[in-house]
Each structure stands twice: as C-alpha cells, then as structure tokens.
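Me: I have a protein model open and would like to learn how to read it. Could you take me through it step by step?

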Amino acid sequence: MLHDHGSPANPDVQLDPDVFYVCQRCTACCKWPGDVRLEDHELPRIADFLGLSEDAFIARYTRLRHNRQGLSLLEKPNHECCMLDGADCRIHPVKPDQCAGFPNRWNFPGWRDVCQALPGPTPQS
Ligand code: SF4
Ligand code: SF4
C-alpha cells in the first residue's frame, strides 16, 4: 500500500541535503491509515505537554502498533490521527519524530503526489 506510515523518522539524516520541503499543513499525512509511531523517549515529553502522567497518556491515546513492536497514537474512526484537531496538531511542539521527519527524513515512492510540501531553503542547524 502506498501510504505505509511505518517508517521511523531518522532525526539525523536528510534524504536530499540540497532541498528542504516546507510543510504546507494540508494534514494529508495526519489522515493516512496506519501507525503513528511513538518511541519510548517521546512518551514523557508528549504526556507532559498534555498535562498527563505517562501512564494516563498511554492509556488514553495509544495502542499497540500493528506489528505489536511498540506504541502508536490512536486513530479516529475515519483513520485520522487522534491528535488532529481541524487543521492543527494538538501536540505540534512535541509531535513524534515520524511526523516531524516527513517528508525530509523519510518518505516513499510517489509521496509528492499526496503531500503538498514545497521546496524551500534548507534550515541552518
Ligand atoms: S502531507 Fe505534507 S504538506 Fe501535508 S501536512 Fe503532511 S508534510 Fe505537511
Ligand atoms: S501527531 Fe500531529 S502531526 Fe502527527 S499524525 Fe497526529 S496530528 Fe499529525
């Protein structure tokens, strides 16, 4: 399936060092069916941002990934991510690396057909 949402974002690697695609907040990637992967180190910061204990956050907003090898954010019945609120991400400042890394640090063949991100200047680190 084209919209395989399972690739982990790699925070250290940009696929094309000469181009940085700037998200246009179309929210398409928040609506694809599949896992929104949560890594263990991300749990405390997201729970804290939401004012929850880590256990409460896990119980309320997560499920096992389809491969049962970790946690994913829950989805709504229409497959949107549970953190999508209109056009906004409720946890934008602390969103998972999978979300922050697309499409510059991971993507898939044909991603430009379904993502409206536009080439822009590469951010200086
Ligand atoms: S699909 Fe692309 S442009 Fe749309 S929200 Fe995701 S990264 Fe941004
Ligand atoms: S956590 Fe935020 S950015 Fe990631 S899929 Fe959910 S709504 Fe989109």
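Me: Let's begin with a strand. What is the bridge partner of Leu-64 in S4?

Reply: In S4, Leu-64 has Leu-71 as its bridge partner. A word on the labels: helices (H or I, at least four residues) and strands (E, at least two) are DSSP runs, numbered from the N terminus. Before we go on, note that this is a predicted model, where local features need pLDDT of at least 70, side-chain atom pairs count only at pLDDT 80 or more, and totals for chains, interfaces and linings use all residues. Residues are numbered from 1 along each chain as its sequence is written, while chains are lettered from A and ligands numbered from 1 in the order in which they are written.

Me: How many bridges join S3 to S4?

Reply: The general idea comes first: strands of a sheet pair through backbone hydrogen bonds, either parallel or antiparallel. Two strands pair if DSSP finds at least two bridges between them. Here, three bridges join S3 to S4, and these strands run antiparallel. They belong to an open sheet of three strands, in the order S2-S4-S3, with antiparallel pairing. Strand S2 (37-38) and strand S3 (62-64) each have a single partner strand and stand at the edges, so one side of each has no neighbour in the sheet.

Me: And which pattern does the protein chain follow along the sequence?

Reply: Read along the sequence, the pattern is β-β-α-α-β-β-β-β-α-β. That comes to three helices and seven strands.

Me: Where should I be careful about confidence?

Reply: Look at pLDDT, the predictor's confidence in each residue, from 0 to 100. The protein chain averages 89, and 87% of the residues score at least 70. Over residues 1-7, however, pLDDT stays under 50. Where pLDDT is low, the predicted coordinates should not be read in detail.

Me: Which residues have the most contacts inside the largest nonpolar core?

Reply: A nonpolar core is a set of buried Ala, Val, Leu, Ile, Met, Phe, Trp, Tyr and Cys residues joined through C-beta atoms within 7 Å. Buried means that 20 or more other C-beta atoms lie within 10 Å of the residue's own; 12 or fewer makes it exposed, and anything in between partly exposed, with C-beta atoms placed from the backbone. The largest core here has 15 residues, and those with the most contacts inside it are Val-36, Ile-46, Phe-57, Leu-73, Cys-81 and Met-83. Helix H1 (43-50), helix H2 (54-61) and strand S4 (71-73) each supply at least two of the core's residues. In the protein chain, buried residues make up 20% of the 125 residues.

Me: What does Ile-46 touch, beyond residues up to four places away in sequence?

Reply: Two residues are in contact if their C-beta atoms, placed from the backbone, lie within 7 Å. Leaving out residues up to four places away in sequence, Ile-46 touches Phe-57, Ile-91 and Val-94.

Me: Is Cys-30 buried or exposed?

Reply: Cys-30 counts as buried because it has 22 C-beta neighbours inside 10 Å. This residue lies in the loop between strand S1 (20-22) and S2. Beyond four places in sequence, Cys-30 touches Glu-80, Cys-81, Leu-84 and Cys-89. The C-alpha atoms of Cys-30 and Cys-99 are separated by 8.3 Å, although the two are 69 residues apart along the chain.

Me: How do I read the surroundings of a ligand?

Reply: A residue is near a molecule if its C-beta atom, placed from the backbone, lies within 6 Å of it. Around ligand 2, the residues include Cys-30, Val-36, Leu-73 and Cys-99. For classes, Ala, Val, Leu, Ile, Met, Phe, Trp, Tyr, Cys and Pro count as nonpolar, Asp, Glu, Lys and Arg as charged, and the others, Gly among them, as polar. The shell around ligand 2 has 10 nonpolar, no polar and one charged. Around ligand 1, the shell has eight nonpolar, three polar and one charged residues; among them are Thr-27, Phe-102, Pro-103 and Cys-115.

Me: What joins Phe-102 and Pro-103?

Reply: A cis peptide bond joins them, with omega about 0°. Pro-103 lies in the loop between helix H3 (97-101) and strand S7 (118-120). Cys-115 is found in the loop between H3 and S7 too, and is in contact with Ala-28, Cys-29 and Pro-103, leaving aside neighbours within four places in sequence.

Me: Finally, what is phi of Thr-27?

Reply: Phi of Thr-27 is near 75°, a positive value in a residue other than glycine. Thr-27 is partly exposed, with 16 other C-beta atoms within 10 Å.
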